[in-house]
Structures are given as structure tokens and as C-alpha cells.
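Work through the following exercises with the sequence and the model side by side. Each task is followed by a solution that goes step by step.

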Amino acid sequence: MNGAEHIESMLRRRGLRVTPQRLAIMQFLHGNTDHPTADDIYQAAKQKHPSISLNTVYKTLEAFEEADLVWRFAVGQKQKFHYDPNTTPHPHVTCIRCGNVDDVTGKAGDLKDAARSLAKDDGYEVLRVEVNIIALCPDCRSG
Ligand SMILES: [Zn+2]
Ligand SMILES: [Zn+2]
């Protein structure tokens with residue numbers, strides 16, 4: 001199965017109609033750990049589909065979000081939305097100066113445990129886990 005076919009079946013499994021625009025957007029997002037904003041995604045999609053509109057990008061992202069293919073979260077002082085194709089609970093670290101968003105690796109297991117024990121011991125139904133650590137990234141610290 002090539003990349004495009006894999007993405008296509010991923011969309012179909014979630015009950016989404018496959019369009020060239022949706023394919024292009026999901027191809028860009030799949031495995032992407034940069035936490036792009038809608039504008040980043042729009043710029044990338046435009047390379048393949050010059051006529052795509054920002055509105056189409058927003059609608060597509062909304063459909064992906066409803067199908068649990070991406071997570072959307074707002075961080076930073078401007079509270080811009082970022083999109084993450086990794087929907088497994090994991091914390092983020094955001095640089096307060098440049099706005100760069102990174103995954104916090106290594107500690108991700110802790111969050112899964114927290115979600116699990118809330119559900120098991122305290123009767124909550126955990127829908128999603130959002131943890132964002134505000135920091136100064138190494139680049140901004142040295143700059
Ligand atoms: Zn920074
Ligand atoms: Zn992430």
C-alpha cells in the first residue's frame with residue numbers, strides 16, 4: 001500500500017468522503033510532529049491544489065477533528081489553534097517567545113496513567129487530555 005492509499009483507507013474507515021483536498025491535507029498532517037496551524041496547513045495544501053481556499057481547509061480540519069483524526073488545541077499568547085495528528089494523550093511544551101510547540105516525550109506514559117486512574121478510580125469518562133507546558137526553547141534561550 002502506498003502512502004496515498006493508506007491515507008485514503010484511513011479516511012474511509014472513519015466514514016469520511018475522500019476528496020483530493022482532504023487527501024492532500026491528511027498527507028501533510030499524517031506523522032507530522034510540527035503542530036501546524038490552519039495557516040501552515042493551508043500553505044502546504046496550496047502547493048498541491050493552488051485553488052484551495054482557507055475555508056475548505058478549515059472545514060476539512062473540522063471534519064478530521066470530528067472523526068478524531070486530529071486534535072486541535074490553542075496555545076501561546078495569541079491562542080492560535082494548532083493541529084496534531086497524534087491523538088494519543090501526550091503533553092506539549094510551548095515556547096513563550098517563538099511559539100514553537102513540541103511534544104513532551106518520555107513522560108507521555110504518565111498522562112495515560114492519569115487518564116486511566118481517573119476513569120477507573122474516580123468514575124470520570126476522560127474525553128481527551130490537554131497539558132501544555134510554557135517554556136523558553138533552547139534556541140530562544142541562547143538567542
Ligand atoms: Zn523559542
Ligand atoms: Zn503533539
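**Exercise 1. Count the helices and strands of the protein and give their order.**

Solution. The protein has six helices and five strands, where helices (H or I, at least four residues) and strands (E, at least two) are DSSP runs numbered from the N terminus. Read from the N terminus on, the order of the elements is α-α-α-α-β-β-β-β-α-β-α. The C-alpha trace spans about 45 × 45 × 30 Å along its principal axes.

This is a predicted model, in which local features need pLDDT of at least 70 and side-chain atom pairs count only at pLDDT 80 or more, while totals for chains, interfaces and linings use all residues. Residues are numbered from 1 along each chain as its sequence is written, and chains are lettered from A and ligands numbered from 1 in the order in which they are written.

**Exercise 2. Decide how helix α3 and helix α4 meet, and which residues make the contact.**

Solution. Begin with the axes, which are lines fitted to C-alpha atoms over the stretch in contact, with angles from 0 to 180 degrees between N-to-C directions. Those of α3 (residues 38-48) and α4 (residues 54-66) come within 10 Å and cross at roughly 115°. Next, list the residues in contact, meaning that their C-beta atoms, placed from the backbone, lie within 7 Å: α3 contributes Ala-38, Ile-41, Tyr-42 and Ala-45, and α4 contributes Leu-54, Val-57, Tyr-58 and Leu-61. Finally, sort them by class, with Ala, Val, Leu, Ile, Met, Phe, Trp, Tyr, Cys and Pro as nonpolar, Asp, Glu, Lys and Arg as charged, and the others, Gly among them, as polar; the contact has eight nonpolar, no polar and no charged residues.

**Exercise 3. Is Val-101 buried or exposed, and which residues does Val-101 contact?**

Solution. Val-101 belongs to strand β4 (residues 101-103) and counts as buried because 22 C-beta neighbours lie inside 10 Å. Beyond its neighbours within four places in sequence, Val-101 contacts His-35, Val-75, His-82, His-92 and Thr-94. His-35 is 66 residues away in sequence, yet the C-alpha atoms of this pair are 6.4 Å apart. For Asn-100, in the loop between β3 (92-95) and β4, the count is 16 other C-beta atoms within 10 Å, so Asn-100 is partly exposed.

**Exercise 4. Describe the contact between domain 1 and domain 2.**

Solution. The domain assignment gives domain 1 (1-87) and domain 2 (88-143), with bounds that come from an automatic or database assignment. Their centres, taken over C-alpha atoms, are separated by 21 Å, and the contact takes nine residues from domain 1 and 10 residues from domain 2. Strand β1 (residues 71-75) gives the most to the domain 1 side, with three residues.

Terms used
Contact = placed C-beta atoms within 7 Å. Buried ≥ 20, exposed ≤ 12 C-beta atoms within 10 Å, placed from the backbone.
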